[in-house]
Amino acid sequence: MSKKELARKLAEMTRSMEAARTQRNAKINKIYHQTNAVGWEALKQVLNYVEPSYEEKDL
């Protein structure tokens, strides 16, 4: 395989990886924006989940 062919193949792989990343990020953002804040808080309460404060995270 020549250097030109390798460069072309690498560029093609990079484009396909970028397209997949863009598609994946679009799905993640969509799911994030559909999250029900009230339901999320209720779930955390049922599970007794408490988010650590910033001071605790630094320790």
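**Exposure and salt bridges in a predicted model**

Biologist: Why is Arg21 called partly exposed?

Modeller: In this predicted model, the relative accessible area of Arg21 is 33%.

Biologist: What makes Glu18 and Arg21 a salt bridge?

Modeller: The closest N and O atoms of Glu18 and Arg21 are 2.6 Å apart. A salt bridge requires a side-chain nitrogen of Lys or Arg within 4 Å of a carboxyl oxygen of Asp or Glu, so the pair of Glu18 and Arg21 qualifies. Both residues lie in helix 1 (residues 3-33), 3 residues apart, about one turn of the helix. Glu18 has 42% relative accessibility and therefore counts as partly exposed.

Biologist: How do you know that Lys44 is buried?

Modeller: Lys44 has 11% relative accessibility. Buried means under 20%, so Lys44 counts as buried. Of the 59 residues of the protein, 2% count as buried.

Biologist: What makes Lys44 and Glu41 a salt bridge?

Modeller: Their closest N and O atoms are 3.2 Å apart. The limit is 4 Å, so Lys44 and Glu41 form a salt bridge. Lys44 and Glu41 are 3 residues apart in helix 2, separated by about one helical turn. Glu41, at 45% relative accessibility, counts as partly exposed.

Biologist: Why is Val46 called exposed?

Modeller: Val46 has 66% relative accessibility. Exposed means over 50%, so Val46 counts as exposed. Val46 lies in helix 2 (residues 37-46). With Trp40, Leu43, Leu47 and Tyr49, Val46 forms a nonpolar surface patch of about 560 Å² accessible area together.

Notes: Residues numbered from 1 in each chain as written. Predicted model: local features only at pLDDT ≥ 70, side-chain atom pairs only at ≥ 80, totals over all residues. Heavy atoms only, no water. Buried < 20%, exposed > 50% of the residue type's maximum accessible area, 1.4 Å probe, protein only. Patch = residues over 30% accessible without salt bridge, like charges linked within 9 Å, V, L, I, M, F, W, Y side chains within 5 Å. Areas by Shrake-Rupley, 256 points an atom, 1.4 Å probe, with all protein chains shown as cover. Helix = DSSP H or I, 4+ residues; strand = E, 2+ residues; numbered from the N terminus.
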